[in-house]
Amino acid sequence: MASSGPSNRNTSRVSASEDDASAVHTQPDPTELDLAESPPADDGPPEPPQSARSRARSSQACVMCQQKKIRCTGTQPCENCQRRRWSCRFNADGDGRRKTTNHRIVQELNDAKEQVSRHRQMISGIFAIVRVGEPEIIREFFDEVRQTEKVNDVANFVRAKVDDDERLREAFQRVDWGPDAQL
């Protein structure tokens with residue numbers, strides 16, 4: 001029986017004889033094996049080649065990649081600018097998706113800034129009560145803290161006490177939140 005065609009790496013060969021109904025299976029010739037290739041590991045499917053991977057698309061190329069008309073990765077800095085040591089800048093006006101994201105981030109930062117301001121006011125009020133408050137006001141404050149789980153209720157209590165008492169208001173205004181104030 002003669003085999004047809006050039007030999008390949010397959011582990012079985014089929015007889016070319018059409019008269020013979022049974023296929024002849026043989027082991028591959030060891031001289032035909034490529035020993036440089038190692039068998040794939042059994043820890044999962046092999047990783048696809050780089051060209052077959054889906055690329056993450058950036059919503060817009062950076063200014064330098066646009067000018068040079070080259071593909072941009074969309075990261076900050078992009079790979080091209082980093083490799084060539086260019087200044088990597090994105091034009092937020094050119095892309096609605098980036099503009100929407102920027103607007104959302106600015107809004108979140110403004111909300112966080114307002115919340116920090118409210119927390120500072122409450123802490124300043126607590127400082128004022130503890131430092132110059134009458135013993136009765138201090139006891140009321142601790143009772144309020146013990147009785148409620150809502151920070152908003154404590155903040156309302158502190159605000160009301162500071163607004164009602166001139167000494168507390170002055171102590172509230174003297175609390176130093178300078179850049180050196182650290183925990």
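User: How are helices and strands assigned and numbered here?

Analyst: Helices (H or I, at least four residues) and strands (E, at least two) are DSSP runs, numbered from the N terminus. P77, for instance, lies in the loop between helix 1 (63–68) and helix 2 (79–84). The model is predicted: local features need pLDDT of at least 70, side-chain atom pairs count only at pLDDT 80 or more, and totals for chains, interfaces and linings use all residues. Residues are numbered from 1 along each chain as its sequence is written, and side-chain values use heavy atoms, with hydrogens and water left out.

User: Which peptide bond is cis?

Analyst: Most residues other than glycine have a negative phi, and most peptide bonds are trans. The bond from Q76 to P77 is cis, with omega near -10°.

User: What is the phi of K69, and is K69 buried or exposed?

Analyst: Buried means under 20% relative accessible area, exposed over 50%, and partly exposed in between (1.4 Å probe, protein chains only). K69 has a positive phi, near 55°, and is found in the loop between helix 1 and helix 2. Its relative accessible area is 75%, so K69 is exposed.

User: Where does R85 lie, and what is its phi?

Analyst: R85 belongs to the loop between helix 2 and helix 3. Its phi is also positive, near 55°. With a relative accessible area of 79%, R85 is exposed.

User: Which helix holds F127, and how exposed is F127?

Analyst: F127 lies in helix 3 (residues 96–132). The residue is partly exposed, at a relative accessible area of 41%.
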